[in-house]
Amino acid sequence: MSVPMETELSTDQNGASSQHSLSVPEDKVLVPVEVTLKLSSTAKIDDVRSAVEGMLEKRSLSYNDGPIPVPLDDAFLADNVQRICVCGCDTDEGMHNDNVLLFWQVKPVVHVFQLSEEGPCEDISSDGQSSSFNEWILPAKEFDGMWESLIYESGLKQRLLRYAASALLFTEKGVDPFLVSWNRIILLHGPPGTGKTSLCKALAQKLSIRFNSRYPQAQLVEVNAHSLFSKWFSESGKLVAKLFQKIQEMVEEESNLVFVLIDEVESLAAARKAALSGSEPSDSIRVVNALLTQMDKLKSSPNVIILTTSNITAAIDIAFVDRADIKAYVGPPTLQARYEILRSCLQEMMRTGILTSLQDCKNAMLPHYASAKDRLNTLDFHEDATFMQLCKQLLETAEACEGMSGRSLRKLPFLAHAALANPFECNPIKFLCTMVETAKRERSELPD
Ligand SMILES: Nc1ncnc2c1ncn2[C@@H]1O[C@H](COP(=O)(O)OP(=O)(O)O)[C@@H](O)[C@H]1O
Ligand SMILES: [Mg+2]
């Protein structure tokens, strides 16, 4: 049940890659290839890009989502590159990973980047109290892999990526906003624990990678709306002013791409309402208004994207929301998404040896949802019985988890493990039984 996007998004396949105005033969698909440099690497980005492009040209293999081994016979790449990853066509959330493209169908678009290890730089207000915002240099090590770990069936991630890519392209090409209007404000709303905050951060990270040739530097400023208002309101006004002054400074640097994440904006609406009803000082109105004014000011800068989230869908019909161009509902995971989330959890527990791996099976990897369904339906007796049992049980577990949020799902394997009688050397089939039990217990404890 997803609310349609307000803005019709670009339908091209290349998404964010469109920054390189490449002349691509019509029948070729642009496939982003992300190359992570080692932290120790001092190689020039352009040199690495050419080397990887050369390597891919020689390779003449098929493309599917996921890592490509760094060629060890190439000393330059082996010295400098930590990881090379094909990001498919960013089709449906890595769920259709079975999509394989052949090399002649593909024009790889190579993005080379180094992760920043700096971690969040917190703002400590002058009185030494808790911070009201965090700041990261992107792409940050902390957010590495986050995008891939978020699973939505509806193509939400692709739509967001394409939307942002189009918005940045329109700006870059100098499209007159009086003739074609668009803005760079995104609102994600939906129940808690559905990955909204994570998705905003992951999107910022992705865009910082995909657009690094246009914007060599990128930052993310996370404003916690709630903490902004949990203070005395007289302080908040000053905080907002200080915060936006800082953001304005970042934005003035043309080569900076700045993301402002305003998390849990429903607290702004609440603050407003409380002020109107007289239960809070009218100061809060001024603060909300200050925030809105600052946002409007910021909107005119081409290199800013404002990301906002709200846990409440009903209460967001405030002035604030009208400003957002793209409003997307983020709901609890569907059966397919639940299966994929749990599959990734199991795979990780096998990788780390907490669960015994499937060595004795022909398949070391659990299949994707569609493939699991197919195989269970066709009942091929060449298939390994234990393996099929495992697929079946994983599917049943995903069914049993209906209504659980992504956040609860990612915690479930841990809770199930803690509930095991013998936590060592556990086999996946036994483990899944415990997981169903745990899911039932967790669900029975959910508030209505
Ligand atoms: N659709 C999803 N796919 C994978 N993981 C998810 C999903 N939704 C939530 N999660 C997990 O839940 C965690 C918390 O999500 P968060 O971004 O804080 O949610 P929200 O901001 O909506 O409350 C995420 O880090 C992620 O591990
Ligand atoms: Mg959140």
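Visitor: Is C85 buried, partly exposed or exposed, and why?
Guide: In this predicted model, C85 counts as partly exposed because it has 17 C-beta neighbours inside 10 Å, while a buried residue needs 20 or more.

Visitor: Which strand holds C85?
Guide: C85 belongs to strand β4, which covers residues 81–86.

Visitor: And which residues does C85 contact, leaving aside its neighbours within four places in sequence?
Guide: Those contacts are E34, G66 and P67. As for V70, it is 15 residues from C85 along the chain, and their C-alpha atoms are separated by 9.6 Å.

Visitor: Let us turn to the ligand. How many residues surround ligand 1, and which are the closest?
Guide: Ligand 1 is surrounded by 18 residues, and the closest are G195, T197, S198, G406 and R407. Two or more residues of this shell come from each of α5 (196–210), α11 (335–351) and α14 (406–418).

Visitor: Which domains supply at least three residues each to that shell?
Guide: Domain 2 (133–329) and domain 3 (335–445) each give at least three residues to the shell around ligand 1.

Visitor: What is the make-up of the shell by class?
Guide: Around ligand 1 there are seven nonpolar, eight polar and three charged residues.

Visitor: Back to G195: where is it placed, and is it buried or exposed?
Guide: G195 sits in the loop between β9 (185–189) and α5. It counts as buried because 25 C-beta neighbours lie inside 10 Å.

Visitor: What does G195 touch, not counting residues up to four places away in sequence?
Guide: G195 touches L150, V330 and G406. The C-alpha atoms of G195 and G331 are separated by 9.1 Å, although these residues are 136 apart along the chain.

Visitor: How many residues of α5 are buried?
Guide: Of its 15 residues, 13 are buried, so α5 is largely enclosed by the rest of the structure.

Visitor: What span should α5 have?
Guide: At 1.5 Å a residue, α5 should span 21 Å, and its end C-alpha atoms are 21 Å apart, which agrees.

Visitor: One last topic, the backbone. Which residues does a cis peptide bond join?
Guide: L138 and P139 are joined by a cis peptide bond, with omega about -10°. P139 lies in the loop between β8 (133–138) and α3 (146–149).

Visitor: Which residue has a positive phi although it is not a glycine?
Guide: That describes E264, with a phi of about 55°. E264 is in the loop between β11 (256–263) and α8 (266–276), and it counts as buried because it has 22 C-beta neighbours inside 10 Å. Most residues other than glycine have a negative phi, and most peptide bonds are trans.

Technical notes: Residues are numbered from 1 along each chain as its sequence is written. Chains are lettered from A and ligands numbered from 1 in the order in which they are written. This is a predicted model: local features need pLDDT of at least 70, side-chain atom pairs count only at pLDDT 80 or more; totals for chains, interfaces and linings use all residues. Helices (H or I, at least four residues) and strands (E, at least two) are DSSP runs, numbered from the N terminus. A residue is buried if 20 or more other C-beta atoms lie within 10 Å of its own, exposed if 12 or fewer, and partly exposed in between; C-beta atoms are placed from the backbone. Two residues are in contact if their C-beta atoms, placed from the backbone, lie within 7 Å. A residue is near a molecule or strand if its C-beta atom, placed from the backbone, lies within 6 Å of it. Ala, Val, Leu, Ile, Met, Phe, Trp, Tyr, Cys and Pro count as nonpolar, Asp, Glu, Lys and Arg as charged, and the others, Gly among them, as polar. Domain bounds come from an automatic or database domain assignment. The expected span of a helix is 1.5 Å times one less than its number of residues.
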